[in-house]
Amino acid sequence: MVAGSAHATVSISCSDMKFDSSIDIVLGAGPVPNVFSVSLSVGGREFTTGPGLPGEPVAIAQAFDDGEVFRIDLVDDQATRRVAAIRLLRADHDTAPVQVGFVQIEDEPPIGISCVGP
């Protein structure tokens, strides 16, 4: 019997200043962003890329990190419209990497967020 390789993951947790919106992003550890899952709770609505989890189902259309801005776009399950855009600016520090940015749901105004995580 041969054991499979372990999949190391890290996460980014975000919230707005009122703590009534939150985002949880699970990434595979590695040199490029490999987004495993995203869960959002914004404006009373919930979205998730995880099958069977509470919230409206969405899919990851793109996840791109150019070293300055980390971009994630989520689309509906038929990939006909963008449901959410997440943009994060990174400030690296050895003890506490911080990220700030915004989340925008469909055509609603963007919501400023701050995040902790790698």
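Here is a walk through this structure, from the overall layout down to a few single residues.

First, some ground rules: this is a predicted model, where local features need pLDDT of at least 70, side-chain atom pairs count only at pLDDT 80 or more, and totals for chains, interfaces and linings use all residues. Residues are numbered from 1 along each chain as its sequence is written, and side-chain values use heavy atoms, with hydrogens and water left out.

Let's start with the big picture. The chain has 9 strands and 0 helices. Both kinds of element are DSSP runs numbered from the N terminus: helices are H or I runs of at least four residues, and strands are E runs of at least two. The 9 strands close into a barrel, in the order β1-β2-β3-β4-β5-β6-β7-β8-β9, and the pairing is mixed. From one strand to the next, the twist averages 25°; the axes behind such angles are lines fitted to C-alpha atoms (for helices, over the stretch in contact), and angles run from 0 to 180 degrees between N-to-C directions.

How much of the chain is buried? Of its 118 residues, 31% are buried, where buried means under 20% relative accessible area, exposed means over 50%, and partly exposed lies in between (1.4 Å probe, protein chains only).

Now follow the strands themselves. Two strands count as paired if DSSP finds at least two bridges between them. Strand β3 (residues 34–42) and strand β4 (residues 45–48) pair in the antiparallel sense over 4 bridges, with Val-42 standing opposite Arg-45. These two strands form a hairpin with 2 residues between them, and Gly-43 in the turn has a positive phi of about 55°. Move on to strand β5 (residues 56–65), and the direction is parallel: 2 bridges join β4 to β5, and Thr-48 has Pro-57 as its bridge partner. Then β5 and β6 pair in the antiparallel sense over 7 bridges, with Ala-59 and Val-75 as bridge partners.

Next, look for the sulfur atoms. The structure holds 1 disulfide, and here that term means a pair of cysteine sulfur atoms within 2.5 Å. In general, a disulfide is a covalent bond between the sulfur atoms of two cysteines. The pair here is Cys-14 and Cys-115, with their sulfur atoms 2.0 Å apart. What does this link tie together? Cys-14 lies in strand β1 (residues 9–15) and Cys-115 in strand β9 (residues 111–116), so the pair ties together parts that are 101 residues apart in sequence. Cys-14 counts as buried at 6% relative accessibility, and Cys-115 also counts as buried, at 2%. With 105° about the S-S bond, the link is right-handed.

Finally, meet two residues that make an interesting contrast. Arg-87 is found in strand β7 (residues 82–91) and is buried, with a relative accessible area of 17%. Its side chain makes a polar contact with the side chain of Asp-73 at 3.0 Å. A polar contact is a pair of N or O atoms within 3.5 Å; within protein, one must be able to donate a hydrogen and the other to accept it, and residues adjacent in sequence count only if both atoms are side-chain atoms.

Glu-68, by comparison, is found in the loop between β5 and β6 (69–76) and is exposed, with a relative accessible area of 60%. Leaving aside neighbours within four places in sequence, Glu-68 is in contact (heavy atoms within 4.5 Å) with Leu-88, Leu-89 and Arg-90. Glu-68 and Leu-89 are 21 residues apart in sequence, and their C-alpha atoms are 6.0 Å apart in space.
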